[in-house]
Amino acid sequence: MARTLGAATALGVLAVLSASCHPRAAVDGERAHARVVHQVRVGPRIPGTATHDSVGRWIAAEVERLGGRVELQTFLDSTLGRPTPMTNVIGRFGPASGRRIALLAHWDSRPWSDRDPDSTRHAEPMPGANDGASGVAVLLEIAELMHQKAPAVGVELVFLDGEDLGTASNPDGYCRGSRIYAARARREDLLAGFVFDMIGDRDLSIS
């Protein structure tokens, strides 16, 4: 999934939400890191597997626990060579109607390590700590802030599925969930969308 959110913009979104939700709200880095660790320990989040489904249920439960209105946007996709059920998990906070912003991350992980320098590991699934789990952790941390006080403008936290299934020979395999979300979204009142992806690098540099 392409990295489309600059680091400064990401921090700005968090700061604005933190200030608007609660005057003493703060991002908890240890809590966010623990959520990354949890996802990796469960296992690869490859669509069609038990570990994938387990993490999807966990995300939905976390959003609901924090007061979000959860929608499970299900769809079938054949990128992996067979019809595979996938699910975008959407958590809505703030006003139920009117203007809103969307904050997006993908929660599936890549089935292959095809860019690993060690070619003997190309068939191994990626752990997906940075590529997937880091964005999920940030969105859940934003949910923590909105749990303390609902935002004045509607916010959709969109956890996309089926985003990382493409290859060099099949680029159409990428962004399956985001295409479904875009096709079904109420665009007339969507002010902006921000994608949080691969933001867990030790020395993060995004242009």
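Read along the sequence, the protein chain of this predicted model follows the pattern α-α-α-β-β-β-α-β-α-β. This comes to five helices and five strands, where helices (H or I, at least four residues) and strands (E, at least two) are DSSP runs numbered from the N terminus. Residues are numbered from 1 along each chain as its sequence is written, and side-chain values use heavy atoms, without hydrogens and water. Local features need pLDDT of at least 70 and side-chain atom pairs count only at pLDDT 80 or more, while totals for chains, interfaces and linings use all residues.

Of the 207 residues of the chain, 46% count as buried, that is, under 20% relative accessible area with a 1.4 Å probe and protein chains only. Contact is defined as heavy atoms within 4.5 Å. Among contacts between residues at least 6 apart in sequence, 72% join residues at least 24 apart.

Helix 3 has 16 residues and reaches 22 Å from its first C-alpha to its last, close to the expected 22 Å; the expected span is 1.5 Å times one less than the number of residues. Its buried residues are His-52, Val-55, Gly-56, Trp-58, Ile-59, Ala-60, Glu-62 and Val-63. These residues pack against helix 2 (29-42), strand 1 (69-77), strand 2 (84-93), helix 4 and strand 4 (154-160). Helix 3 is followed by Gly-67, which has a positive phi near 95°.

Val-55 lies in helix 3 and counts as buried because its relative accessibility is 1%. Leaving aside neighbours within four places in sequence, Val-55 is in contact with Gln-39, Val-42, Arg-45 and Trp-107. The C-alpha atoms of Val-55 and Arg-45, which are 10 residues apart along the chain, are separated by 7.2 Å.

The axes of helix 3 (residues 50-65) and helix 4 (residues 129-148) come within 9 Å and cross at roughly 20°; axes are lines fitted to C-alpha atoms over the stretch in contact, with angles from 0 to 180 degrees between N-to-C directions. Helix 3 is therefore roughly parallel to helix 4, a term used for angles under 35 degrees. On the helix 3 side, the contact is made by Trp-58, Ile-59, Glu-62, Val-63 and Arg-65, and on the helix 4 side by Val-136, Leu-140, Glu-144 and His-147. These residues divide into five nonpolar, one polar and three charged, with Ala, Val, Leu, Ile, Met, Phe, Trp, Tyr, Cys and Pro taken as nonpolar, Asp, Glu, Lys and Arg as charged, and the others, Gly among them, as polar.

Definitions and conventions: Parallel < 35°, antiparallel > 145°, perpendicular 65-115°, else oblique. Buried < 20%, exposed > 50% of the residue type's maximum accessible area, 1.4 Å probe, protein only.
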